[in-house]
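Open the model in your viewer and keep the selection panel at hand. The tour goes stop by stop.

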Amino acid sequence: MAADDQTPPFAGVLCRRFRVCGVVQGVGFRPWVWRLATGLGLDGWVENDSSGVTIQVEGEEAAVAAFERALRGSPPPQARIEWIDVVTLAPRRSAADAGPRSAAGFTILDSHRQAGGATSLPADIAPCAACLAEIHDPSNRRHRHPFANCTDCGPRFTVIRALPYDRATTTLATFPLCPDCAREYADPADRRFHAQPIACPACGPVVWFDAGPEAHAGRPAPAYGSSDDAIRAARASLRSGSILAVKGVGGFHLVCDATNPAAVALLRSRKHRPSKPLAVIVASAADCAAFASLSAAERRLLESPERPIVLLAKREDGAALAAGAPPAEAVAPGIAHVGVMLPAFPLHALLLDAADGRPMPALVMTSGNVADAPIEIDNAAAIAHLGPIVDGFLLHDRPIHVPCDDSVVRLAAGHLLPLRRSRGYAPLPLPLADDGPDLLAIGGELKATLCVARGRHAWMSQHVGDVTIPAALSTLERTARHLLALFAIRPAAIAADLHPGYLSTELARKFAAELGVPLLQIQHHQAHAAALLADRYATHREPLAGPALIAAFDGSGFCADGSIAGSEFFMCAGGDAAGGGAVSGLQPCARLAPFLLPGGEACIRHPWRTALALLHAAGIPWDAALPPVQAAGLAAPILRRQLDRRLATVITTSMGRLFDGVAAILGLRQSIDHEGEAAMSLEGLASDPLASPRIHSFTIHPLAGGTFCIGWEALLRGIVADLRAGVAPRDLAAGFHRAVAEMIVAVAGAVGDSQEGERPLAVGLTGGVFQNALLVEEAFACLTAASYEPFGHRIVPPNDGGIALGQILLGRAALARSRCPQAVKAGGID
Ligand SMILES: [Zn+2]
Ligand SMILES: [Zn+2]
Ligand SMILES: [Zn+2]
């Protein structure tokens, strides 16, 4: 190539080769290139290879320039180009031959497999406008076909068994193409050229409705002739108040009519889920305007090809509610937000449309699982496990290879804040600032995801869930093996959390033993901080300009000295902050003043216990009128003895528990049934548009070793005094959020004053507490006003669903230190 490069081109004719890297396979890239090159009269070829797509074009200089402009400026909608290498080659023909009537033509070469593994695997893509138009067009052969897809849309990650991505390596391999589909598949001018999951009513998968336990044999019920008959039968059943299990793209959903309070209550009681918010699906963004407020940015997120669940503020004005048919309050009780999504699968669009003349305004769509087990993907297993919960099954026979829950996102401070990165996003590659050895990072315990890395790419898995459940732990293991195989990764080490009790750490130990590589245990909050730095690099593609402070706030994380922390601030140097250098230099510099949790884990489920412990520590009397004292009832004296004598207590610095305690003091939640419930209700109360923040002060004390401790006792005393004086809880909730934002600014100031030349320029926010959009917005506003550059998560979640990415960076840094004889072995090579 280098020799070719030196050859001067013939005047007027140009030959160029482009190597395009990024997400360029499985997204209609080659047919797009074919159409573009053919339209411009260029000769040449395009082929997939292990690192992306290689294109060679030859023709008139102006046509080649136009080709390059389009390649850089307007690639296919689902493609994500990371970089393009260009070389100029000697043309094979003279200027006289060039032009639109050239005989050589442009061809699509067969996929070319190289050693070294792929760098990209497409995520599932929601139905495109063209496919949706077809399924609603009575003259189209795919009219009301629930599996319509094309090169721009359709299932990908969930149906791919192996690479290269070809129909034979997907779960569609058992569906031979009919002549019409085969023609579309082979025609480069067709939008279904090489669309691997292509299907039609003649040759594709089918849907059937299985109502009642006697029909639970898992085979198509003869009563329903076509897929559409089955969908109509399911709609009729939903209208009558049934709960159905519906097989989707990445697994089953439990579905009921969201506008029917009795159906929602029935679903809650059968799923033993009294208050956890349920997501709803509507046919279009306009359909949620009746019950949720929607900004232009939120609408773009809802309609994006990733089709996540978007958390939207509920509309509280009665007029709007009366005009539409809003989802029952029971869908998301007692909180200010509701999760909404649009159809990510043509089947879902058909369930919602008004084909029978009556619209279906909104359906509840929640993960089809029992308790927190992984989402069901197999027909027979779903019938066995979900049978007792549902009244019927809407099934199909397109096998799901990888379970993949819906993603959940919201907007905070004008940016996307991911809460769960799964369908539509996983496993798109994330660019890393630095190269390093192959690694597998196994993540945490709740909201588990894992991450694999090779060179300057990392791939986060889909959301696996709570791996204290054996079935979820097996899913995590299968996911690890699948991703290692797909990307041909040979880990030089396995990274895991430092917590000795995490089952994921046991799984990491098993992998390390099997592969004969070290296990690297990474401190929890450092992993959060490193994940944020990697996220920032992936978003900005440049390192931090100077020193940064990172606030990591969550429920709990295990520390090297055996203590449990839940609020840690780190300083890190600028320059190469996303690389191993800076992340290995994360210096702890501040935390909340510690407090006791009586009964340890019991405090998580019963925020009143945390509230009483906080009041006790702050010297505030347990006034019988305070809601947590009332909730404690006869248990109060026992708890007091426990706290006085420090019996069966755990010491913590948890910001998550501080939020829980304040929520209980303000009378919001004394006991909870899902993680983050109390904090979510506090955010909802504080987001009341009528709230005028009532802000109380806190203290900052220097500790030995140049670190700082934030005293929250005065803050709590102020809140309780105001509450007794009749100040509205919403004003106190808003003031508490502001005070926590100001704590971050105060720590940045204290750290800057104490260390010569180490004043932070940027301040990052990570940890599960920052799922709170109001807190993110308050912190951004306060930090900006104090001239810091705030940054938060935009690609991986701030919660434990993001830590595997941080474990990759810190694992590589630990591996580098262990290989350097002068290095100090800090925290963790097993
Ligand atoms: Zn399409
Ligand atoms: Zn067909
Ligand atoms: Zn955490």
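What arrangement do the 4 donor atoms around the zinc ion (ligand 1) make? Bear in mind that this is a predicted model.

**Stop 1: zinc ion (ligand 1)**

Select the zinc ion (ligand 1) with Cys128, Cys131, Cys150 and Cys153. Each cysteine coordinates through SG, at 2.3 Å. The donor atoms subtend angles of 103 to 117°, so the arrangement is tetrahedral. Four donors count as tetrahedral if all angles lie between 85 and 135 degrees. For reference, the ideal angle for four tetrahedral donors is 109.5 degrees.

Now trace the chain through the site. The donor spacing reads C-x2-C-x18-C-x2-C. Cys128 sits in the loop between strand E5 (106-108) and helix H4 (129-135). Cys153 is in the loop between H4 and helix H5 (179-186). These two are 25 residues apart, and the pair links distant parts of the chain.

Colour by accessibility. Cys128 has 16% relative accessibility, so it counts as buried. Cys153 is buried too, at 0%.

**Stop 2**

Check the angles here. His528 belongs to helix H14 (residues 524-540), while Asp554 belongs to strand E22 (residues 548-558). They lie 26 residues apart, and this pair links distant parts of the chain. Both His528 and Asp554 are buried.

**Stop 2: the largest nonpolar core**

Next, step back to the largest nonpolar core, which has 112 residues. Show Leu394, Phe553, Phe569, Met655, Trp712, Phe736 and Ile744, the residues with the most contacts inside it. Then highlight helix H23 (residues 729-754), which gives the most to this core, with 14 residues.

Zoom in on Phe553. Beyond four places in sequence, its contacts include Phe569, Met655, Val740, Ile744 and Phe770. Gly566, Ser567 and Thr766 are also among them.

**Stop 3: Arg454**

Finish at Arg454, in strand E18 (residues 451-454). Is this arginine buried or exposed? Its relative accessibility is 17%, so Arg454 counts as buried. Look for the backbone oxygen of Phe487, 2.8 Å from a polar atom of the Arg454 side chain.

Notes:
Residues are numbered from 1 along each chain as its sequence is written. Chains are lettered from A and ligands numbered from 1 in the order in which they are written. This is a predicted model: local features need pLDDT of at least 70, side-chain atom pairs count only at pLDDT 80 or more; totals for chains, interfaces and linings use all residues. Side-chain values use heavy atoms; hydrogens and water are left out. Donors are N, O and S atoms within 2.8 Å of the metal (3.2 Å for Na, K and Ca); water is not among the atoms, so sites may look incomplete. Four donors count as tetrahedral if all angles lie between 85 and 135 degrees; four count as square planar and six as octahedral if opposite donors are over 155 degrees apart and all others between 65 and 115; anything else is irregular. Helices (H or I, at least four residues) and strands (E, at least two) are DSSP runs, numbered from the N terminus. Buried means under 20% relative accessible area, exposed over 50%, partly exposed in between (1.4 Å probe, protein chains only). A polar contact is a pair of N or O atoms within 3.5 Å; within protein, one must be able to donate a hydrogen and the other to accept it, and residues adjacent in sequence count only if both atoms are side-chain atoms. A nonpolar core is a set of buried Ala, Val, Leu, Ile, Met, Phe, Trp, Tyr and Cys residues joined through side-chain atoms within 4.5 Å. Contact means heavy atoms within 4.5 Å.
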